Amino acid sequence: MTTYTIPLFPNSLIYKAIRVDYEDTFAIDIPSKKVIHPEDLVPLFFDVFPSWFKVLMHLRETIAKMIGLKTAHGIDIQAQLDNFKGQKGESIALFHVFDRSKEEILMGETDKHLDFRLSFFSKMKEANLYQVSLATTVQYNGFLGKLYFFFVKPFHRLIVPIILKKIAKRLEK
């Protein structure tokens, strides 16, 4: 299966969530006889991280703590994943559910360096075929946000399609 890019959906929750300094949307088509809901995607997103990406996230947490940014240190992420229903107010690590609709769950975080939003979409394209997409928007809060995302962006653009492919493999089963 191949991932592809699409524009942000104009009527989506993420479209108007924050001022946008950066945006992208990666999508993949998944054949499935079972309905794919956006709340099915979120736990899979966290579960399919490659080991090299987990190492990078651990490094990010260490550096972020040293410079006073928010971290997921001390959060029982597994308990959050086990109990996730996709409702407004829930969290997984630094990803808080800000809003949701039938086809979208809007998550993200607001921090001193940048605000980010990540939307999980699932839309039926035709019978037994779903378009699953991950849309990201970022708002820089000053120079630190621009500098931070300068280093993060290449990894972001690399990892999101990998994660989508892994999610698709899990949902095809």
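**Reading helix packing, sheet order and a salt bridge**

Student: Is the crossing in which α2 passes α4 left-handed or right-handed?

Tutor: α2 passes α4 in a left-handed crossing. A crossing counts as left-handed if the near helix is turned anticlockwise from the far one by less than a right angle, and as right-handed if clockwise. The element names follow DSSP: helices are H or I runs of at least four residues, strands are E runs of at least two, and both are numbered from the N terminus. This is a predicted model, in which local features need pLDDT of at least 70, side-chain atom pairs count only at pLDDT 80 or more, and totals for chains, interfaces and linings use all residues. Residues are numbered from 1 along each chain as its sequence is written, and side-chain values use heavy atoms, with hydrogens and water left out.

Student: At what angle do α2 and α4 pack, and how far apart are their axes?

Tutor: Two packed helices are described by the angle between their axes and the distance between the axes. Axes are lines fitted to C-alpha atoms, for helices over the stretch in contact, and angles run from 0 to 180 degrees between N-to-C directions. Here α2 (residues 51-66) and α4 (residues 143-172) pack at about 155°, with axes 12 Å apart. α2 is therefore roughly antiparallel to α4; angles under 35 degrees count as roughly parallel, over 145 as roughly antiparallel, 65 to 115 as roughly perpendicular and the rest as oblique.

Student: Which residues make the contact of α2 with α4?

Tutor: Contact means heavy atoms within 4.5 Å. α2 contributes Trp 52, Phe 53, Leu 56 and Arg 60, while α4 contributes Tyr 148, Phe 155, Leu 158, Ile 159 and Ile 162. By class, these are 8 nonpolar, no polar and 1 charged. Ala, Val, Leu, Ile, Met, Phe, Trp, Tyr, Cys and Pro count as nonpolar, Asp, Glu, Lys and Arg as charged, and the others, Gly among them, as polar.

Student: How do α1 and α4 cross?

Tutor: Their axes come within 9 Å and cross at roughly 120°. α1 and α4 are therefore oblique to each other, and the crossing is right-handed. Leu 41, Leu 44, Phe 45 and Asp 47 of α1 meet Ile 163, Ile 167, Arg 170 and Leu 171 of α4. This contact has 6 nonpolar, no polar and 2 charged residues.

Student: In what order do the strands of the sheet stand?

Tutor: Two strands pair if DSSP finds at least two bridges between them. The 7 strands form an open sheet in the order β1-β2-β7-β6-β5-β4-β3, with antiparallel pairing. β1 (3-5) and β3 (91-92) each have a single partner strand, so one side of each is left without a neighbour in the sheet. Helix α1 (residues 38-47) packs on the sheet, touching β3, β4, β5, β6 and β7, and its direction makes about 125° with that of β6. Helix α4 lies across β1, β2, β6 and β7, at about 10° to β2.

Student: How many bridges join β5 to β6?

Tutor: 7 bridges join β5 (residues 104-110) to β6 (residues 114-126), and a hairpin of 3 residues links the two strands. Ile 105 stands opposite Phe 120 in β6, and Phe 120 in turn stands opposite Leu 134 in β7. β6 and β7 pair over 12 bridges; 2 residues lie between them in a hairpin, where Asn 128 has a positive phi of about 65°.

Student: Which residue forms a salt bridge with Asp 24?

Tutor: Side chains of opposite charge can pair when their charged atoms come close. A salt bridge is a side-chain nitrogen of Lys or Arg within 4 Å of a carboxyl oxygen of Asp or Glu. Asp 24 pairs with Arg 157, the closest N and O atoms being 3.7 Å apart. Asp 24 is in β2 and Arg 157 in α4, 133 residues apart.
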